Amino acid sequence: MALLSELKEMVIYGNMAGIEEKTKECLKQGLQPSQLISEALIPAMDTVGEKYKNGEIFVPEMLVAAKSMQLSMGILKPLIAAGDLKTAGTVLIGTVQGDLHDIGKNLVAMMLEGAGFQVVDLGTDVAPEVFVDKVREINPDILGMSALLTTTVPQMGVVVEALKKAGLRENVKVVVGGAAVTPEYAIQIGADGYCPDATGAVDWARQVVQK
Ligand code: B1M
């Protein structure tokens, strides 16, 4: 269907100016919101992820694509009845306490949304007890933490310990990322995964929920 391909291309090339109009046009032509998401938006973000992996595009292009996807989603979400859209899984995400960097974390969140995950974003400077309380409240499949400062990375270990103390550690898969985090640190604190970038986070999350 030409309209779906056009919508998909608009996400891939980050056409923020025209994407809302195109989304409305698709709906006017009788296409279903869930169809736009599964046949245009999600495949578009998959292509974007591939292009990023292959070094064909960089963070700014990926951000604009993700923002275009979100503009389209903004129109579609209210039209989707609860339960109509199949979620790939739920991800709770946030930047750890003391850390205000959120560009990378937002990109990870947007890419996960683009891949069909329901993302609950706690923002930045998130205290361990806030992570723990939210895990208890929404029972997500995955808890993702981001840190950009060497001084805030240890907070990730504090959260993992707090989850254990609350008896919630086995209920959720924990993934960590951010420029100051290393795979070795992830192993050291007993996280389930480390992802170096947003596309890696999507691949990892998909594998986890498939299991
Ligand atoms: Co700050 N800052 N900053 N800063 N800042 C860095 C991180 C720094 C490396 C700059 C430097 O000195 N060269 C340095 C940290 C040094 C260190 O600890 N090793 C630094 C510092 C020191 C500071 C302050 C302390 C400066 C000061 O005030 N003296 C201060 C701290 C404030 C605080 O947090 N409490 C500070 C403040 C700021 C701003 C507020 C001005 C701004 C943040 C704005 C914002 O985020 N809204 C800022 C910025 C922009 C940067 C740099 C320039 C860029 C970071 C960024 O957005 N990169 C950064 C230097 C640099 O990295 N070149 C720097 C782009 C982003 C897409 O990449 O976040 O790495 P990144 O995310 C990637 C991956 O890491 C991964 O995927 C993303 C996309 O591929 N990823 C995940 C991230 N989270 C993930 C989670 C996952 C999986 C993957 O799973 C859950």
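**Ground rules.** I number residues from 1 along each chain as its sequence is written, and I leave out hydrogens and water, using heavy atoms for side-chain values. As the model is predicted, local features need pLDDT of at least 70 and side-chain atom pairs count only at pLDDT 80 or more, while totals for chains, interfaces and linings use all residues.

Entry 1: (Donors are N, O and S atoms within 2.8 Å of the metal, or 3.2 Å for Na, K and Ca; water is not among the atoms, so sites may look incomplete.) I found His 101 in the loop between β1 (90–95) and α5 (103–114). Helices here are DSSP runs of H or I with at least four residues, and strands are runs of E with at least two, numbered from the N terminus.

**Entry 2: around the ligand.** How many residues surround the ligand? I noted 25, the closest being Leu 100, His 101, Asp 102, Ser 146 and Thr 150; a residue is near if one of its heavy atoms lies within 4 Å. The largest share of this shell, four residues, comes from α5. I also saw that a ligand nitrogen is 2.7 Å from an N or O atom in the side chain of Ser 146.

**Entry 3: Thr 23.** Next I turned to helix α2 (residues 19–28), where Thr 23 sits. Is Thr 23 buried or exposed? It is buried, at a relative accessible area of 0%. (Buried means under 20%, exposed over 50%, partly exposed in between, with a 1.4 Å probe and protein chains only.) Its side chain reaches the backbone oxygen of Ile 19 at 2.7 Å.

**Entry 4: salt bridges.** I counted 12 salt bridges, each a side-chain nitrogen of Lys or Arg within 4 Å of a carboxyl oxygen of Asp or Glu. One of them joins Asp 46 and Arg 206, at 2.9 Å from N to O. Asp 46 lies in helix α3 (residues 33–53) and Arg 206 in helix α9 (residues 198–210), so this pair ties together parts that are 160 residues apart in sequence. Asp 203 forms another with Lys 53, at 2.8 Å between the closest N and O atoms. Here too I found α9 and α3, with Asp 203 in the former and Lys 53 in the latter.

Technical notes
Polar contact = N/O pair within 3.5 Å; in protein donor to acceptor, adjacent residues only side chain to side chain.
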